[in-house]
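Here is a short briefing to read alongside the model. Have the sequence and the 3D view open as you go.

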Amino acid sequence: MKKIGVLTSGGDAPGMNAAVRAVVRKAIFHNVEVYGVYNGYQGLMEGNIKQMNLGSVGDIIQRGGTILYSARSEEFKTEEGQQKAIDQLNTIGIEGLIVIGGDGSFRGAEKLTQKGYPCIGVPGTIDNDIPGTDFTIGFDTALNTIIDSIDKIRDTATSHERTYVIEVMGRNAGDLALWAGLADGAESILIPEKPDDFDSVIMKLKRGQERGKKHSIIILAEGVGSGVEFGKRVENETKMDTRVTVLGHTQRGGSPSGFDRVLASRLGARAVDLLLEGKAGRMVGIQKNELVDHDIIEVLKEPHEIDLDMYNLSNELSI
């Protein structure tokens with residue numbers, strides 16, 4: 001290959017810039033031209049594509065968000081939109097595309113792969129909901145953002161003797177809620193992968209109250225439901241002073257952690273290697289600290305699974 005492209009799509013995640021940097025510099029190291037696609041698949045269809053050089057990715061490894069920007073596109077989901085994207089790539093002579101993003105972005109790469117266009121997926125999403133990899137780019141940074149926020153909320157919860165319900169992101173995956181809840185000693189963690197056990201939450205709160213506990217933290221994954229509504233249920237049932245905090249998009253921002261910078265660099269570089277090896281329709285990932293790659297079509301058929309041992313541990317430690 002002499003020309004490859006790179007785009008970021010879907011929700012932004014800290015570390016995407018580090019991945020873009022790795023793709024660009026790894027390709028140039030191998031004397032391959034690199035083209036950045038701006039505004040995701042929408043920009044791809046519109047031909048918003050520019051050649052990148054070493055300077056294009058200078059001083060971005062520490063920046064959150066994505067310098068290539070991101071956009072969602074309904075048109076790209078159509079046959080006509082996908083062909084329009086391929087036509088733009090062919091016009092420039094781009095022979096392979098690296099897609100950095102989450103589940104929806106990978107499904108776009110899957111469509112291009114099925115049409116015979118070489119794509120490699122790099123998992124970049126704070127949700128950590130991509131099968132075939134232990135961690136996705138951005139998860140660690142978002143997790144630490146949540147932990148920092150919960151630490152601060154616990155201070156005021158203690159001062160005012162309140163129960164706090166904290167809603168975190170994650171779409172339909174409970175990884176952020178589970179990891180943050182375990183790291184911060186939350187009394188209860190509610191995730192989409194486990195049934196809503198409201199009675200268990202109330203039992204823990206009342207049991208803590210009986211032994212003199214003055215405050216409690218409940219972590220609610222957004223895939224379970226509204227934190228505001230759940231907070232009302234808790235207050236109505238327990239008569240405890242209850243507050244709700246929805247952390248929202250603060251979880252997506254900020255400088256990526258060291259872990260995410262290294263992960264993004266390794267995965268981005270490996271994606272280039274796969275294209276240069278003549279491989280296509282693959283997804284790169286990390287399992288047991290080893291780089292792996294999977295068939296992107298097959299991996300998307302697999303369900304996302306939560307670590308139930310961690311979930312059980314959180315319940316055992318929050319007695």
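Which residues of helix α6 (residues 175-183) are buried? They are Asp 175, Leu 176, Ala 177, Leu 178, Ala 180 and Gly 181, where buried means under 20% relative accessible area with a 1.4 Å probe and protein chains only. This is a predicted model, in which local features need pLDDT of at least 70 and side-chain atom pairs count only at pLDDT 80 or more, while totals for chains, interfaces and linings use all residues. Residues are numbered from 1 along each chain as its sequence is written, and side-chain values use heavy atoms, leaving out hydrogens and water.

**Around helix α6**
- The buried residues of α6 pack against α5, β6 (163-168), β7 (188-190), β8 (216-221) and α11 (308-317); helices (H or I, at least four residues) and strands (E, at least two) are DSSP runs, numbered from the N terminus.
- Gly 185 follows α6 and has a positive phi, near 65 degrees.

**Nonpolar cores**
- The largest nonpolar core has 59 residues, and Ile 4, Ile 98, Ile 166 and Ile 217 touch the most other members; such a core is a set of buried Ala, Val, Leu, Ile, Met, Phe, Trp, Tyr and Cys residues joined through side-chain atoms within 4.5 Å.
- Helix α5 (residues 139-160) gives the most to this core, with eight residues.
- Apart from this core lies another, of 24 residues, including Tyr 35, Tyr 41, Ile 49 and Leu 112.
- Leaving aside residues up to four places away in sequence, Ile 217 touches Ile 150, Ile 153, Arg 154, Ala 157, Tyr 164, Ile 166, Ala 186, Glu 187 and Ser 188, with contact taken as heavy atoms within 4.5 Å.

**Pockets**
- A pocket here is an open set of points on a 1 Å grid over the protein atoms alone, where a 1.4 Å probe fits, with protein on both sides within 12 Å along at least five of seven lines; lining residues have an atom within 4 Å of a point.
- The largest pocket is lined by 27 residues, and Gly 10, Arg 72, Asp 103, Gly 104 and Ser 105 lie nearest its centre.
- Helix α4 (residues 103-114) gives the most to that lining, with six residues.
- For the second largest pocket, 16 residues form the lining, and Thr 133, Asp 134, Asp 175, His 304 and Glu 305 are the closest to its centre.

**Domain record**
- UniProt, in an unreviewed entry, lists residues 3-275 as "domain: Phosphofructokinase"; such annotations may be inferred rather than shown by experiment.
- Over residues 3-275 the chain is 44% helix and 17% strand, with the end C-alpha atoms 10 Å apart.

Technical notes. Buried < 20%, exposed > 50% of the residue type's maximum accessible area, 1.4 Å probe, protein only.
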